[in-house]
Amino acid sequence: MEKTNRSLLKIVLFVGVGACLVGIAYVLSRENWTVGLGCLALPIVLFCLIKAYENPVIILFTILIYGFILNILSAYLKVGTPGLGTDFLLVFSYLLLFFKGFSTDIPWNRAKTPFWGITSLWMLYVFLELFNPEAESRVAWFYGMRSMALYLWMFVPLGLVLIDKPKYLKWFLYIWGSFVILATLYGCIQLYVGLNSVERAAMAAGKAKTHMLFGRLRVFSFYTDAGQFGAAQAHAGITALIIAIHEKKIISKLFFLLVAFAGFYGMFISGTRGAMFVPFGGIFLYLFVKRNIRILVAGLILVGIAFYFLKYTYVAHDVYAVRRMRSAFDPEDASFQLRLQNQRTFREYLKSRPFGGGIGTTGVFGDRFSPNGFLANIATDSGFVVIWAETGIVGLLLYLAMWGYVVLKGITIIWYRLKDPWIKNVIIAFVSGIAGVLVANYGNAVVTQVPTSVILCFIVVFIFVSPTLEKIKDAA
C-alpha cells in the first residue's frame, strides 16, 4: 500500500512539473514574470509536500526554521501576518497525519503523557478566558492565546509521535546552533557597520526610544527587539556551553564552543540586562543536577566571582555593555523601581480579578485592540506579569505548575532513567537552559516570543522522549 502511494505521488510530481514548465513557458512569453516565478516555485512546493508526506517530522523542523525567519519576513517582505504561518504548519501537520493514517499506523499512543494532560488543562483555562467579562476584545484573545498556550498544546503531541530517532536531536542542535551564529554575526554588522534602510526606518518610527540609549545601539539582529535577541542568545549560550563541556568529538566540541561564544557575545551586545539571569539560572540548576561536590564548589565560586565583579566593582565600567549589565544588580535603578511600581499597580487591580483582565489586553495587542483599556496603558515588562495580568493569579499558578513539572520531570529522567552519556548531558543542558529562561522571563517576555517559544517546544519533547531515544540508540 505504501509503495502504491509513493508511485502515485511520483506521478503527481511528474505531471505537476510538466504542467508548471508549460505554464512557465506560456506566462513568460507574455512577460508576466510574477506568475512565471510562481509556476517555477510550484514544483519545489510539490517536491516538499511529497517529502513531508514520506517523513512528516520535516514539517516540525520547518516550523523551527520559520521561527527564526519570521521576523525577517515581517520586516522585509511585508507579507501581512506571517505569524499565522506557524498555525498553518501545525494544522497542516495534523491533516497530513490524518490522511497518512489510512495507509500507515500513526502511533498516537505516544502522545498520551501526563504533560499533554497538563497542557490541555492550561489550554482549557486559556479557552475559558475568551468569556472573561473584563476582556475588551475577543479578536485580541485569538492573537494573544496562540503563543501563550495553543502552539505548545498542538506541538507536543506531534513531537511525541514523530520524533523517534536520535538523529533528530542532532538536527535540532545543529539547526539551532547555526542560527545562533548567524544572528550574532548579523548583530555585529548592525553594531560595527550600521543599520540598513529598513532598520533605520523602524528606529525613526519609534524603535529608537528603547534601542538607542545614551547614543549606543542595543543590538537586535533579525529578532523583533534587543530583549528577545539577548535572552535567546543567552539561552543558546548556556545550553551550548554545557553540551561542549561534556562533548567528546573534537569537531562537535568546537562547534558548540563557537555557539556558546556567539550566544554570550550576542547577549553582551544586546544590552539586555535581564538576559544575564539566563546563564546564572542555568548554571545553578546544572550544578544541582550534576550532584558532584567538586563541580558544585567550583561552579559556585565562578558564579560568585561574576556576581562580585558586576555588583561590587567598577572594572571595565567604561564599556557600555558592562555598565548596562551592572545596572541590573542596582536595586535603586530607575527602570527597576518603575517595574516595581507597575507591579504594585497590577496587584491592586487584580485583587478583585482572580482570572485577570483578559488575554490580549496588555502590550502590543492591548495597544492594538483596546488602547483605552486600563491594562494596555501599563508596561508589563515581564513575561510572568503578562500571564498574571491577563489570566489572574489562577492562571499564573497553572502556568508556573506546568513549567515546574517540565523541570522536575526532566531532573528525575536525568537522575533515574538516562544512562547514555551524550543524551544525558544534552538533556541536562536542556533542563538547565529552561531554568535560565524561566528566571529571565521575570525581567522580559521571553517564553512566549519566537523563536524561543518554538525552541522550548522542541526541548520539552526531547526531554520526554529521551529515554526512548536512548533505547533506540543502544539497539542500533
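The following legends describe close-up views of a predicted model.

The model is predicted, so local features need pLDDT of at least 70 and side-chain atom pairs count only at pLDDT 80 or more, whereas totals for chains, interfaces and linings use all residues. Residues are numbered from 1 along each chain as its sequence is written, and side-chain values use heavy atoms, with hydrogens and water left out.

**View 1**
Helix α9 covers residues 226–246; helices (H or I, at least four residues) and strands (E, at least two) are DSSP runs, numbered from the N terminus. The 21 residues of α9 should span 30 Å at 1.5 Å a residue, and the 31 Å between its end C-alpha atoms agrees with this. The expected span of a helix is 1.5 Å times one less than its number of residues. Because 19 of the 21 residues of α9 are buried, the helix is largely enclosed by the rest of the structure. Here buried means under 20% relative accessible area, exposed means over 50%, and partly exposed lies in between (1.4 Å probe, protein chains only). At the start of α9, a side-chain oxygen of Asp225 comes within 2.9 Å of the backbone nitrogen of Gly227. A polar contact is a pair of N or O atoms within 3.5 Å; within protein, one must be able to donate a hydrogen and the other to accept it, and residues adjacent in sequence count only if both atoms are side-chain atoms.

Ser221 is placed in the loop between β2 (216–217) and α9. Its phi is positive, at about 55°, although Ser221 is not a glycine. Most residues other than glycine have a negative phi. With 2% relative accessibility, Ser221 counts as buried.

Helix α17 (residues 421–440) contains 20 residues. From its first C-alpha to its last, α17 reaches 29 Å, close to the 28 Å expected at 1.5 Å a residue. This helix is largely enclosed by the rest of the structure, because 17 of its 20 residues are buried. Asp420 caps the N-terminal end of α17, with a side-chain oxygen 3.2 Å from the backbone nitrogen of Trp422. Ile423 belongs to α17 and is buried, at a relative accessible area of 1%. Along the chain, Ile423 and Lys473 are 50 residues apart, while 9.6 Å separates their C-alpha atoms.

**View 1. From Pro451 into helix α18.**
The loop between α17 and α18 contains Pro451. The peptide bond from Val450 to Pro451 is cis, with omega near 5°. Most peptide bonds are trans. Val454 is found in helix α18 (residues 452–475) and is buried, with 6% relative accessible area. Although Val454 and Leu152 are 302 residues apart in sequence, their C-alpha atoms are 8.2 Å apart in space.

**View 2. Salt bridges.**
The structure holds five salt bridges, each defined as a side-chain nitrogen of Lys or Arg within 4 Å of a carboxyl oxygen of Asp or Glu. One of them joins the side chains of Arg146 and Asp87 (3.0 Å, N to O). Arg146 lies in helix α6 (residues 138–162) and Asp87 in helix α4, so this pair ties together parts that are 59 residues apart in sequence. Arg146 is buried at 7% relative accessibility, and Asp87 is buried at 14%. Glu348 and Lys351 form a salt bridge with their closest N and O atoms 3.3 Å apart, and both residues are exposed. In the salt bridge between Lys165 and Asp164, the closest N and O atoms are 3.6 Å apart. Lys165 counts as partly exposed, with 35% relative accessibility. Salt bridges with shared partners join Arg110, Asp164 and Lys165 into one network.

**View 3. A nonpolar surface patch.**
Val91, Leu95, Phe98, Phe99 and Phe102 form a nonpolar patch on the surface, with about 560 Å² of accessible area together. Patches are made of residues with over 30% relative accessible area and no salt bridge: like charges are joined within 9 Å, and nonpolar side chains (Val, Leu, Ile, Met, Phe, Trp, Tyr) within 5 Å. Accessible areas come from the Shrake-Rupley method with a 1.4 Å probe; for residues, only the protein chains shown count as cover. Phe99 is part of helix α4 (residues 84–100) and counts as exposed, at 52% relative accessibility.
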